[in-house]
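Please read the points alongside the sequence and the model.

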Amino acid sequence: MEMGCDMIQYSKLQIGCILIVLYVAFIYFRERQAYGIKKKERMFELLIGTGIICIALDGTTAYTVNFLDTISPLINGILHACFLSSLDIMIFVIFMYILDITWGIPKNKKHRTLIKVPLIINVAIVILFTPQLEYRDGGFTNYSMGISAYTCYIMISIYMIGIVAVLLSSWKNIGHYKLITIGTCIATSIIVTIYQMFHPEALLTCLVPTIVIIGAYLNMENPALLKLKAYNHEMVMGFATLVENRDGSTGGHIKRTTTYVEMLAEELKNRGLYKEELTKDYIKNLIIAAPMHDVGKIAIPDSILQKPGKLTVEEFAIMKIHAEKGGQIIEETFGHLGDEEYEKMAYQVARYHHEKWNGKGYPEGLTGENIPLCARIMAVADVFDAVSANRCYRGAMPIDQCFGIIESGIGQDFDPVIAQVFLDIKDKVSPVVKTI
């Protein structure tokens with residue numbers, strides 16, 4: 001009984017934090033099951049698990065450091081080595097989580113190994129110098145200090161610099177909910193670390209994983225929010241398919257173009273092209289916005305939309321207004337979704353996907369990089385599908401001829417970099433023509 005009271009006395013902050021995190025974990029997994037969400041969010045779940053272990057070890061060492069006369073030095077040393085190592089691992093997991101929700105975890109094995117180097121070095125130093133830890137008397141609690149503890153501050157600094165670098169390099173294309181989470185992570189870590197450095201007996205470390213986990217859950221990982229986004233996506237796809245059905249299609253065009261857009265965006269990202277724009281959020285929004293590129297066709301008369309022959313000059317002038325109308329429909333219809341990043345993306349894709357690199361497109365005659373990147377990617381996918389699929393006014397062209405049209409449009413109709421990358425992945429693109 002006395003031991004339990006002592007534990008609460010010296011570890012009450014850690015106990016409170018771990019109860020909060022356990023409650024968040026319980027709600028998170030219960031809601032995932034209730035909403036039938038099967039896709040694993042491995043990095044967030046790893047963040048929760050690491051946070052629980054780190055807070056538990058923090059609370060345990062907060063107790064043992066105050067009872068050195070009754071706790072075996074070996075056990076106390078092992079627990080401190082485990083806690084300080086878990087602190088290093090926790091900061092690393094927070095960094096990887098931020099990386100995962102922004103740029104995505106690097107696929108290159110060398111890059112992943114390079115990211116782990118500071119963690120490996122710090123854990124090795126912690127373990128090596130744990131026997132030299134000093135246990136000092138504080139104002140209201142004892143605390144540990146030494147090389148092993150100092151390396152944790154260095155570890156936090158290294159990965160916080162990494163998080164700031166990620167934020168500064170791509171903040172324009174990161175969803176505002178993620179910006180809130182990243183900002184919370186940075187602010188909490190800096191404030192707690194600085195305070196802990198000047199007041200080492202405060203033992204506030206447990207606040208970092210607690211606040212980061214709560215922020216991530218509330219802003220991004222809440223299963224109810226994820227389910228709502230899935231419903232919105234289904235609504236968008238249904239609306240886009242309904243519009244496409246007017247010209248006799250059954251959704252094949254939007255499915256194929258969306259697939260091409262995803263392949264192309266991922267390949268551009270993997271090659272390090274447009275890396276500031278092609279964040280994980282940007283690509284996700286682009287994939288969901290792609291089906292809306294022809295939504296403006298709802299304003300085009302059936303007599304023109306379904307005409308089996310070539311359009312007259314007057315008819316083509318009417319057809320061209322679908323790009324401008326598409327942008328208007330996005331602004332007027334989808335602004336209530338509460339996702340400004342997606343709304344902006346869908347607007348740009350719908351309005352500008354017929355702009356050409358040389359300025360001879362419509363509706364505004366934009367040139368080069370003045371055309372939004374999402375629309376330049378969409379343009380390649382849209383034209384390729386237009387010539388490779390059956391249309392009411394002509395049959396599908398041979399696949400080699402379709403790629404030839406893309407090649408001939410390099411630097412004229414299309415962004416030369418994007419068009420060339422599309423040609424480079426023709427082996428991935430070609431099967432989609434036949435299977436969707």
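1. The model contains zero disulfides, a disulfide being a pair of cysteine sulfur atoms within 2.5 Å. C17 is in none; its nearest cysteine sulfur, that of C206, is 3.7 Å away. C17 is buried at a relative accessible area of 4%, where buried means under 20% relative accessible area, exposed over 50% and partly exposed in between (1.4 Å probe, protein chains only). The sulfur of C54 lies 8.7 Å from the closest cysteine sulfur, in C206, and is therefore too far for a bond; C54 is likewise buried, at 3%.

2. The model is predicted: local features need pLDDT of at least 70 and side-chain atom pairs pLDDT 80 or more, whereas totals for chains, interfaces and linings use all residues. Residues are numbered from 1 along each chain as its sequence is written, and side-chain values use heavy atoms, without hydrogens and water.

3. Helix 6 spans residues 176-198; helices (H or I, at least four residues) and strands (E, at least two) are DSSP runs numbered from the N terminus. Its 23 residues reach 33 Å from first to last C-alpha, close to the expected 33 Å (1.5 Å times one less than the number of residues). Its buried residues include I182, C185 and S189. The cover over its buried residues includes helix 3, helix 5, helix 7 and helix 10.

4. L203 lies in the loop between helix 6 and helix 7 and is buried at 17%. Y274 lies in the loop between helix 9 and helix 10 and is buried at 16%.

5. A cis peptide bond joins Y362 and P363, with omega about 15°. P363 lies in the loop between helix 13 and helix 14.

Terms used:
Contact = heavy atoms within 4.5 Å.
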